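Okay, everyone, thanks for coming. Let me put the structure up, and then I'll walk you through it.

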Amino acid sequence: MRKVATVEQIQQIAAPHLSYRHTDKPIPSKRKQARTASHTGALSDLRKHGLVENGGQLPGGDRLRNLTPMGLKAAARELGRPVGEMGDPARGAGRTGALHPMTVNEAVLALLRPKPDLSRLTNEPADVLAAAQAAVDAPAGLGTIASYATEVALPATGTWSNPGKGGAQADIVITAPEDGVPLLFVEIDNCFEAAQVLAAKIDKYMRFCQRKVKDVDGKERPMWRTRWWAPDGHRHGDQPHPPLLLVFNRIGPRNPGTVIAQLAELTQRHWKGTSYEGGFHMYDGKLPIVVTGMKQLEEHGPAGAIFRRFGRPQNQTLLEAIGNPRREAADARQQAEYAAHQREH
């Protein structure tokens, strides 16, 4: 759920088939205007009812649309979420150029990868249909739009609704257990921040993940489990915290390769596992940290081998990077050997 977005970003998420329509218009601006006309009208109606407001203007001329407090409540009802989980309205984004919120939106699109409805493109030219078919045939993204929440406070002190100091704020939280991602925190970096600043953010994520509170049944649990579901079926002694994905968008002056190397060293105590005979590691109580680049994410999506987990030498798909495939393979070998031994006797 995005609190601030352009009309075109809303269209790309809500009605991706429109990206392949109106190709007969002579110039890009006319095509864009035609694609987004219905959403522009809908936003105008929402604005009349106090659910949406016009935000600032981006350098390219696009205007931002923000959810108002009343709009957040309406969105909570539509998504079936408590209002307290929606956070505060994203005010002032346009005044600062909205660079970070727009990058967050692009990351949501790259991870979600909405598929166009081909049945709504039957009268389009052959080359347009081919492009739409290629998008449909490409690997799927993660979850649905309801799987995404943005600007989510992760309190190290205080409560969900009134976070105290020392906690993190996740740019994106993804809950898509149907796609193998029960819970994933996502942090976006436009390459303006030093590794030390990012390491301090990761300290805050770790602080939140380690925090335990009493649940409604009186039992003490990790605080994140009181809000989100994740399976308990990890191997005994290998229960890591929910993974964190860092997406580097090379806009600012810092070299992401240099920053990533420094960051891995600065945060080693948080992510480094314990090696075991058999060529695998265990990550009990550790924070899996995975990195990728925005351009690679937009091109390949979560199914591409573009993700590097700290402590591993090679790129993997997202599911491999946040999981423990070597340990699973070792467990499978051990089970097969045990079954064979049982058959012999």
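So, let's start at Leu287. Which residues is Leu287 in contact with, once we leave aside its neighbours within four places in sequence? The list is Ile202, Tyr205, Met206, Cys209, His241, Pro242, Leu244, His270 and Trp271. Contact here means heavy atoms within 4.5 Å.

Before I go on, a word on where this comes from: it's a predicted model, where local features need pLDDT of at least 70 and side-chain atom pairs count only at pLDDT 80 or more, while totals for chains, interfaces and linings use all residues. Residues are numbered from 1 along each chain as its sequence is written, and side-chain values use heavy atoms, with hydrogens and water left out.

Back to Leu287, then. The largest nonpolar core has 33 residues, and Leu287 is one of those with the most contacts inside it, a group that also includes Leu154, Phe185, Tyr205, Phe208, Trp228 and Leu246. A nonpolar core, for us, is a set of buried Ala, Val, Leu, Ile, Met, Phe, Trp, Tyr and Cys residues joined through side-chain atoms within 4.5 Å. Buried means under 20% relative accessible area, exposed means over 50%, and partly exposed is in between, using a 1.4 Å probe and protein chains only. Which elements give two or more residues to this core? They are β4 (148-154), β5 (168-176), β6 (181-189), α7, β9, α8 (256-266) and β12. The largest share, 8 residues, comes from α7. Apart from this core lies another one, of 27 residues, with Ile188, Leu245, Val247 and Ala321 among them. For background, in soluble globular proteins nonpolar side chains tend to be buried together.

I've been using helix and strand labels, so here's how they're set: helices (H or I, at least four residues) and strands (E, at least two) are DSSP runs, numbered from the N terminus. The protein chain has 12 helices and 13 strands. Of its 345 residues, 43% count as buried. And if you take the contacts with a separation of 6 or more, residues 24 or more positions apart account for 61% of them.

Now look at strand β12, residues 289-293. Is β12 mostly covered or mostly open? Mostly covered: 5 of its 5 residues are buried. On one side you have Ile289, Val291 and Gly293, on the other Val290 and Thr292, and both faces are covered. What about its partners? Two strands pair if DSSP finds at least two bridges between them. Strand β9 (residues 244-248) runs parallel to β12, with 5 bridges joining them, and Phe248 has Gly293 as its bridge partner. Strand β13 (residues 308-309) pairs with β12 in the antiparallel sense over 2 bridges, and there Val290 stands opposite Arg309.

Next, helix α4, residues 69-79. Its buried residues are Gly71, Leu72, Ala74, Ala75 and Ala76. What covers them includes β3 (63-67).

On to charges. A salt bridge is a side-chain nitrogen of Lys or Arg within 4 Å of a carboxyl oxygen of Asp or Glu. How many salt bridges does that rule give? It gives 6. One joins the side chains of Glu8 and Arg35, at 2.7 Å from N to O. Glu8 sits in helix α1 (residues 7-14) and Arg35 in helix α2 (residues 28-35), so this pair ties together parts that are 27 residues apart in sequence. Arg35 is buried, by the way, with a relative accessible area of 13%.

Another one joins Arg269 and Asp203, at 2.9 Å from N to O. That pair links distant parts of the chain, with Arg269 in helix α9 (residues 268-271) and Asp203 in helix α7 (residues 195-210), 66 residues apart. Asp203 is partly exposed, at 23% relative accessible area. Then there's Arg221 with Asp215, whose closest N and O atoms are 3.3 Å apart. Arg221 is also partly exposed, at 26%. And Glu187, Glu193 and Lys201 are linked in a network of salt bridges.

Last stop: Leu46, in helix α3 (residues 37-48). Leu46 is partly exposed, with a relative accessible area of 34%. Leaving aside neighbours within four places in sequence, Leu46 is in contact with Leu51 and Val52. That's my tour, so over to you.
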